[in-house]
Amino acid sequence: MKYVLVSGGVISGVGKGIIASSTGLLLKTIGLKVSSIKVDPYLNVDAGTMNPKEHGEVFVLSDGGEVDLDLGNYERYLNITLTRDNNITTGKIYQHVIERERKGDYLGKTVQVVPHITDAIQSWIERVARVPVDDTNEEPDVCIIELGGTVGDMESAPFIEAMSQLRRRAGKDNFMQIHVSYVPVIHGEQKTKPTQRAIKDVRMAGMIPDLIACRCEGELDASAIEKIAHFCQVETEQVVVVKDMPSIYQVPMLLEQQKLIPMVRQFLALDQITVAPAMTDKGRHTWAQWQSLTGHDTRFHDSVTIALVGKYVELQDSYLSVIKSLEHATMRCRKKLDIRWVDSDHLEPKCQVSNPAKYHDAWHKVVQAAGILVPGGFGQRATEGMIAAAKWARENKKPYLGICLGMQIAVIEYARNVCGISDATSEEFDGQAANKLIMFMPEVDKTTMGASMRLGLRPTLFQPGSEWSRLRALYAGKDTILERHRHRYEVNPDYIATLEKGGLSFVGKDEAGVRMEVIEIKDHPWFVAVQFHPEYLSRVLDPSRPYLGFVAASAGMLEEITRDYQHGSARSVEGITNGVDGIKGSSMF
């Protein structure tokens, strides 16, 4: 097994995840099988209970793991399926070691950070790195490890020590490190001192960077590159410039232009790995498609405006997978994405009194948008604004997509304003209400928070008589689909007959026919809401179908896109591949 460690210095949030994902993608283009592991040095066992406005979204895996959002980048770039074990946290490691200590596995020894915690980290990585992650069902050739935070953080110390030991344990030509550092510009001058200091700190911690990835706003001056190489004791070719790009999907091309593949090939002796010709051809073919689709962000002139009506809009990473899914769909539709961020609090009448300017600005964004999206969320706050947005979309025939909470919002709005249940609400909003259209799932444990929802990949069955469904056509008319879930609440079955009689169609249900998974309105250009989170399975070359249909309807091209998909032979990048044949089915590689 060969490892590529991506670490960071100076400041956090400089793009380690995108650089790690891009490196993995480039390795796949030469036919290698690649896996990824994200190390998060916080004490939480997983990301499930974290505030999205502080930490960003919680990404959900097929096995139900609630993990860091960077694992979403890995899956989107590499088209692999990871598990909860691919996200290591301090909490998981300490929990594992303490459980072993309680069982007596350490035979009376004093349990310490070194060697017990560091050994546990290495053993975990070595075990998970070998687990197949794609349809080849074979052990990966290379594992990309991203170390969260910045080197020098107190909580990172055990992991840094473990990585130093893993390098020696893996052996010569089996381990390399890319250290990401930020190069600021102060008064027009590129400052290299923070990077010099960061590399010294890394080396003092026992780590040896093989490549230095310099994050910067524009091109680095030759003198700055030479200075970094000189004072960090590397060759100039080992200083990789990762400047801001029009699209993050262009970062792999930027790294390829700087000869990243030959350098990684040299450091890891990749020529020793036998690669099947079919894998090489597949990687080369996909790389051509990736370049054609993402290489020229300015080729798309017409934009499609989407109003994203949410309650966590202060931190856009709260909806990272939603944004990526919209990007994938707009690229497929040959459009530019224009997201208008709308705080649903500002759509409520109380805001009209307290802050009329914000109220009118929010409604202006909703009214002017080509489509309205209400994503997931928790709690009662700001939900009346979401209901108002859903009502406007329904009454004005504006394309609407509701995700998880967004579906529940649509159901409540329809019950109130079409079916005459004026006090319709959710048990989450008012546990004592008479008409709880949305109810707490009976089997879910109300006493715990972590990993207590309906999580992971689950089937949805399109119902008999739903052949007219616009969404079903994009799934190639399939009877059953698999999507990832994350919710505690569901539509109350006692109200289904009333809602259906009023014209709301539940076109998708779970395998027992009890849980409502998809709603759709027949006499509307696109009014679709789903209980699952389709954004978790969206890929650059294979957009999520609910998002694709929504964007296509908003752009006035739903019929054209549907024709490509309804027979199951869609070319994901048709019309924008410059002669490269599109991929078939749902596999990117």
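Two strands pair if DSSP finds at least two bridges between them. Helices (H or I, at least four residues) and strands (E, at least two) are DSSP runs, numbered from the N terminus. The model is predicted: local features need pLDDT of at least 70, side-chain atom pairs count only at pLDDT 80 or more, and totals for chains, interfaces and linings use all residues. Residues are numbered from 1 along each chain as its sequence is written, and side-chain values use heavy atoms, with hydrogens and water left out.

**View A. Strand β23 and its partners.** In strand β23 (residues 527–530), V528 is the bridge partner of L401. Strand β15 (residues 400–403) runs parallel to β23, and four bridges join the two. Strand β22 (residues 516–520) runs antiparallel to β23, with three bridges. I519 stands opposite A529 of β23. A hairpin of six residues links β22 to β23. Both faces of β23 are covered: F527 and A529 on one side, and V528 and V530 on the other, are all buried (under 20% relative accessible area, 1.4 Å probe, protein chains only).

View B. The bond from V114 to P115 is cis, with omega near 20°. P115 belongs to helix α5 (residues 113–129).

**View C. L107, with a positive phi.** L107 is not a glycine, yet its phi is near 55°. This residue sits in the loop between α4 (90–103) and α5. L107 is exposed, at 74% relative accessible area (exposed means over 50%).

**View D. R334, with a positive phi.** R334 is likewise not a glycine and has a phi of about 60°. The loop between α12 (320–332) and β13 (336–343) holds R334. With 26% relative accessibility, R334 is partly exposed (between the 20% and 50% limits).
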